[in-house]
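I opened my notebook today to get to know a new structure. Here is what I looked up, entry by entry.

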Amino acid sequence: IPLPEGTCVGYARVDITPEEYPIYISSGMTAKAANDSLYMTVVAVSDGDTAALLISADLKGSGGEFLTKVRKAIEEVSGIPASHVFLNATHDHNAPATGSDKVNNIRWSSLILKRLKWAVREALMDLSPAKAEIGIADTTGFAFVRRYICEDGSLQGIHHQFTTGSPVVDHESKADPDLQAIRFTRDGKKDVVMVNWQAHVAHAANDIKDAVTADFVHDFRSGAEAEYDILFAYYNGASGNINLSSKFPEKKAVSGGYRAVGKALVGKLGEALENMQEVQLGKVSALATSVECTVRKVDPQRLAEAQICNSANEKDKARLLKEYGFQSKYEASTMVSRANMSSTQKVPVSAISFGELGFSANACEMFDTNGMEVKQGSPFKMTFMCAYTNGGYGYIPSNYAFPRGGYEVDTTRYVQGTGEALANELIRLLNTLHSAS
């Protein structure tokens with residue numbers, strides 16, 4: 001597909017809702033139906049010579065063999081290399097598992113690849129001359145902290161108390177309050193709006209146990225498109241916050257909180273759209289590399305206990321996890337997987353630039369603290385910080401979080417300082433792209 005002259009933006013969206021049930025969900029459940037549709041959205045950007053694809057998918061993660069197949073499919077249909085592609089997962093906890101060996105999951109993954117090829121072609125054929133504006137809204141005060149607790153324990157682990165608002169956390173682990181929006185205007189076509197938000201909010205998995213759903217993004221996407229007559233693309237941000245729920249009691253998420261968050265974000269997007277400034281589009285460039293990260297050592301005694309828990313049947317597993325002091329089966333399983341890893345692992349990072357716009361990607365759940373460092377260290381007028389992009393390497397707590405412990409610290413694969421190392425490399429990539437533009 002030949003690229004048109006000048007700076008252009010194209011858009012396509014395809015339905016990837018499973019067609020066959022039951023299907024295994026990433027959160028360990030089995031869906032019997034779909035509560036709402038899942039989508040994969042492709043935003044193509046081009047300078048006339050080079051194109052890049054910024055893909056958002058209603059998936060929990062985007063790594064492993066599935067990512068390899070996605071990259072191969074995209075290159076087959078478009079010739080665009082992996083370095084110029086972001087596959088960002090919205091981190092939907094009620095999406096089917098792409099890596100499952102169950103028959104319906106395998107068929108679903110194949111369906112995604114076929115429809116993705118179509119969407120990539122459509123987005124490239126939709127490339128049209130574009131101008132860009134950027135805007136930011138402040139989401140402080142409502143449901144943007146995944147799990148937090150004041151260090152004196154005074155808040156007792158409030159989890160997404162949306163109805164009363166989440167008080168601002170003053171220490172370093174506070175969430176990034178900025179909702180960022182880029183609006184591309186195109187003659188004769190609907191505007192394309194890309195949104196980046198850092199929060200890890202209450203998920204539908206708390207309420208919906210047997211159905212596929214796009215989570216809070218469903219209400220955000222449908223509400224925004226109806227309210228503002230736009231084409232919408234959501235990009236999940238850094239996501240992580242300090243989580244001390246293992247040290248203090250934690251209240252459960254508010255029922256239906258994910259729906260309330262999605263609807264509230266529609267209004268916040270409106271605030272961003274009302275106060276926008278124009279930015280210049282230009283050359284499309286990309287860089288991709290990896291950071292060699294040190295894997296945490298596993299205590300032999302804890303490993304033996306984790307293996308006992310992992311091998312137990314479901315009836316006994318809960319009792320054994322509690323007996324051995326594991327917060328969840330995920331903590332036990334990650335400990336076993338770490339024991340089988342080499343002493344270091346290369347974690348991918350990448351960046352794409354489009355004139356005065358920067359897009360940075362890590363394949364982990366990086367903490368907001370480090371995500372904000374990337375945005376502050378970027379030379380671009382606006383920089384998206386995209387997590388769960390081009391891989392899935394788990395939690396990456398910040399330096400501040402490590403000595404305080406908690407769920408993410410207990411389950412991360414990597415040593416303290418990994419988040420800062422990834423952030424520094426992303427900043428370097430963004431500055432390199434900016435210098436060359």
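Which residue is the bridge partner of Ile182 in E10? I looked it up and found Met194. A note to myself before going on: this is a predicted model.

**Entry 1: around E10**

I stayed with strand E10, which covers residues 189–197. Seven bridges link E10 to E9, and the two run antiparallel. I then checked the turn: E9 and E10 make a hairpin with two residues between them. Gly188 sits in that turn, with a positive phi of about 75 degrees.

E10 also has strand E12 (residues 231–236) as a partner, this time in the parallel sense, over six bridges. Here I found Trp197 with Asn236 in E12 as its bridge partner. I also asked how covered E10 is, and seven of its nine residues turned out to be buried.

**Entry 2: an open sheet**

Next I traced a sheet of four strands, an open one, in the order E14-E15-E16-E18. Its pairing is mixed. At the edges I noted strand E14 (284–294) and strand E18 (382–386), each of which pairs on one side only. From one strand to the next, the twist averages 15 degrees.

Inside this sheet I looked at E15 (residues 344–354) and E16 (residues 357–362), which pair in the antiparallel sense over six bridges. Ala351 is opposite Ser360 in E16.

**Entry 3: H8 and its cover**

How many of the ten residues of helix H8 (residues 368–377) are buried? I got seven, so I wrote down that H8 is mostly covered. The buried ones are Asp368, Thr369, Asn370, Gly371, Met372, Val374 and Lys375. I was curious about what lies over them, and the cover includes strand E9 (178–186), E16, strand E17 (365–366), E18, E19 and H10.

**Entry 4: Leu422**

H10 came up in that list, and I picked one of its residues. Leu422 lies in helix H10, which spans residues 418–436. Is Leu422 buried or exposed? Leu422 counts as buried because its relative accessibility is 0%, and the cut-off for buried is under 20%.

Leaving aside residues up to four places away in sequence, I listed what Leu422 touches: Val291, Cys293, Val347, Val349, Cys364, Met366 and Ile396. I also checked Ala363, which is 59 residues from Leu422 in sequence, with 10.0 Å between their C-alpha atoms.

**Entry 5: two helix pairs**

I took H1 and H2 to start with. Helix H1 (residues 64–78) packs with helix H2 (residues 103–125) at an angle of about 35 degrees, and their axes are 9 Å apart. The crossing of H1 and H2 is right-handed. On the H1 side, the contact is made by Phe66, Lys69, Val70, Ala73, Ile74, Glu76, Val77 and Ser78. On the H2 side I noted Ser109, Ile112, Leu113, Leu116, Lys117, Val120, Arg121 and Leu124. By class, the contact of H1 with H2 holds ten nonpolar, two polar and four charged residues.

Then I turned to H5 (residues 300–311) and H6 (residues 314–324), whose axes come within 9 Å and cross at roughly 165 degrees. Angles over 145 count as roughly antiparallel, so H5 is roughly antiparallel to H6. The crossing of H5 and H6 is left-handed. Arg302, Glu305, Ile308, Cys309 and Asn310 in H5 meet Lys317, Leu320, Leu321 and Tyr324 in H6. The contact of H5 with H6 has five nonpolar, one polar and three charged residues.

Most residues other than glycine have a negative phi, and most peptide bonds are trans. With that in mind, I looked for exceptions.

Which residues does a cis peptide bond join? I found Tyr21 and Pro22, with omega about 5 degrees. Pro22 lies in the loop between strand E1 (8–15) and strand E2 (23–24).

His91 has a positive phi, near 70 degrees, and is not a glycine. I located His91 in the loop between strand E7 (85–89) and H2. At 7% relative accessibility, His91 counts as buried.

Tyr388 is in the loop between E18 and strand E19 (395–396), and with 8% relative accessibility it counts as buried.

How values were computed: Residues are numbered from 1 along each chain as its sequence is written. This is a predicted model: local features need pLDDT of at least 70, side-chain atom pairs count only at pLDDT 80 or more; totals for chains, interfaces and linings use all residues. Side-chain values use heavy atoms; hydrogens and water are left out. Axes are lines fitted to C-alpha atoms, for helices over the stretch in contact, and angles run from 0 to 180 degrees between N-to-C directions. A crossing is left-handed if the near helix is turned anticlockwise from the far one by less than a right angle, and right-handed if clockwise. Contact means heavy atoms within 4.5 Å. Ala, Val, Leu, Ile, Met, Phe, Trp, Tyr, Cys and Pro count as nonpolar, Asp, Glu, Lys and Arg as charged, and the others, Gly among them, as polar. Buried means under 20% relative accessible area, exposed over 50%, partly exposed in between (1.4 Å probe, protein chains only). Two strands pair if DSSP finds at least two bridges between them. Angles under 35 degrees count as roughly parallel, over 145 as roughly antiparallel, 65 to 115 as roughly perpendicular and the rest as oblique.
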